[in-house]
Amino acid sequence: MVSYDVIIVGGGPAGLECARELSRSPLRVLLLEKASVFGDKLCAGGLTLKDLKVLPLPEELIQQKILRAALHSRRRTAESHTPVPYVFTVDRKDLGIYQRSLLEGTEVEVRTRCQVTEIGRQQLKLKSGEVFGFRYLVGADGYASVVRRHLGLPVRRKLMGFQYTLPVKEEHSTLEMFMDARRFHQWYAWIFPHGDTLAVGCCGDPDRIHPQKLKWGFHEWLKERGLEPGGARLESQPIACDYQGYRFDPIFLVGEAAGLASGFTGEGIYQSLVSGQEVARMIKDPAHGPD
């Protein structure tokens, strides 16, 4: 059995940022991703300045810099315009590819198409039958985290999101959010500009509004707005937002596996980056006090 100091399960923003921070240490690190690509997940793709402080991005990765935003209710609209960009839209797959590239030339071992099926006492088993040992295990495997299940932490609170990616002929300059209790209960719909496409979606709490009713309301709203999906594929994704802790020695949870997404906005990239980074620092230095 091959053993590592740290095994990270999941190659999303949290897992990749955790691996990047650990790459600056002498620890032997293995990152396991069950898919063949990184970052293939439903996401509006908006990053803020606080995200870029944690993970600076090259200019070519940014699809659109947002200066204008509008918040709509049924009766009024509030708009803002800033002199400098405060939201930056990116493609999640491009973000995953970039984060993976930051591990090139480091000692971190990265494996794709590796699904963890069993976790035991300081060892885990893959679907392929391979067994690896670890001193520390980091669960960065999102909503359906096998690491979280091993810890006996069921997801008690979540949001459900629906989204289309629609092509546009002209660049849409404004990030828009729409509050409409008839359609989305306490939550909202969004239009996030991505240059030649728009991420158009909505989210809601399935305990407050049934997903089928939410989806129906979303399509009614699209019709009212004149946004025809055409042949675009409807994507859906649950979002875990029931944080119950991150440290269960020698196991850590980060990002959505720890339930760190916002239960109000659904935002999760910032929480993923910060938690991945801070957990890595704690592993490197047990005396480190996380923010």
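**A walk through a predicted model**

How many aromatic pairs does a search of the whole structure find? The search comes up with 7 of them. One of these pairs is Tyr-188 with Trp-190: the ring centres are 5.7 Å apart and the planes make an angle of 55 degrees, so the pair counts as tilted. Trp-190 is buried as well, at 8% relative accessibility.

Another pair brings together Phe-218 and Trp-221, with ring centres 6.1 Å apart. Are these two rings stacked or tilted? Their planes are at 20 degrees, so this pair is stacked. Both residues belong to helix α6, which covers residues 211-225. They sit 3 residues apart there, which is about one turn of the helix. Phe-218 counts as buried at 0% relative accessibility, and Trp-221 counts as buried at 4%. If you want to find them on the screen, look for a cluster too: ring pairs link Phe-218 and Trp-221 with Tyr-164, Phe-178 and Phe-184.

Now over to helix α1, residues 13-22. How many of its residues are buried? The count is 10 of the 10, so α1 is largely enclosed by the rest of the structure. The buried residues run from Pro-13, Ala-14 and Gly-15 through to Glu-21 and Leu-22, and charged names such as Glu-17 and Arg-20 are on the list too. What do these buried residues pack against? Among the strands, their partners are β1 (2-9), β2 (29-33) and β11 (131-139). Among the helices, they pack against α2 (49-54), α3 and α7 (269-284).

Helix α3 spans residues 92-101, and its axis is 10 Å from that of α1, at an angle of about 15 degrees. The cut-off for roughly parallel is an angle under 35 degrees, and α1 and α3 are therefore roughly parallel to each other. Their crossing is left-handed. On the α1 side the contact is made by Pro-13, Leu-16 and Glu-17, and on the α3 side by Arg-92, Gly-96, Gln-99 and Arg-100. By type, the residues of this contact divide into 2 nonpolar, 2 polar and 3 charged.

Next comes α7. Here the axes of α1 and α7 come within 7 Å and cross at roughly 35 degrees. Is this crossing left-handed or right-handed? The crossing of α1 and α7 is right-handed. From α1, the contact is made by Pro-13, Ala-14, Glu-17, Cys-18, Arg-20, Glu-21 and Leu-22. From α7, the residues include Ser-272, Leu-273, Gly-276, Gln-277 and Ala-280. Sorted by type, the contact of α1 with α7 has 7 nonpolar, 3 polar and 5 charged residues.

Let me turn to a strand residue. Val-87 lies in strand β7, residues 87-89. Is Val-87 buried or exposed? With a relative accessible area of 8%, Val-87 is buried. Leaving out residues up to four places away in sequence, Val-87 touches Gly-46, Leu-47, Thr-48, Gln-64, Lys-65, Ile-66 and Leu-175. By contrast, Phe-132 is 45 residues along the chain from Val-87, and their C-alpha atoms are separated by 41 Å.

I'll finish with the backbone. Most residues other than glycine have a negative phi, and most peptide bonds are trans.

Arg-113 lies in the loop between β8 (109-112) and β9 (116-120). Its relative accessible area is 67%, so Arg-113 is exposed.

Then there is Gln-122, also with a positive phi although it is not a glycine, at about 60 degrees. Gln-122 is found in the loop between β9 and β10 (123-126). Gln-122 is partly exposed, with a relative accessible area of 37%.

And where is the cis peptide bond I'd like to show you? This bond joins Asp-249 and Pro-250, with omega at about 5 degrees. Pro-250 sits in the loop between β17 (247-248) and β18 (251-253).

How values were computed:
Residues are numbered from 1 along each chain as its sequence is written. This is a predicted model: local features need pLDDT of at least 70, side-chain atom pairs count only at pLDDT 80 or more; totals for chains, interfaces and linings use all residues. Side-chain values use heavy atoms; hydrogens and water are left out. Helices (H or I, at least four residues) and strands (E, at least two) are DSSP runs, numbered from the N terminus. Buried means under 20% relative accessible area, exposed over 50%, partly exposed in between (1.4 Å probe, protein chains only). Contact means heavy atoms within 4.5 Å. Axes are lines fitted to C-alpha atoms, for helices over the stretch in contact, and angles run from 0 to 180 degrees between N-to-C directions. Angles under 35 degrees count as roughly parallel, over 145 as roughly antiparallel, 65 to 115 as roughly perpendicular and the rest as oblique. A crossing is left-handed if the near helix is turned anticlockwise from the far one by less than a right angle, and right-handed if clockwise. Rings of Phe, Tyr and Trp (its six-membered ring) pair if their centres lie within 6.5 Å; planes under 30 degrees apart count as stacked, over 60 as edge-to-face and the rest as tilted.
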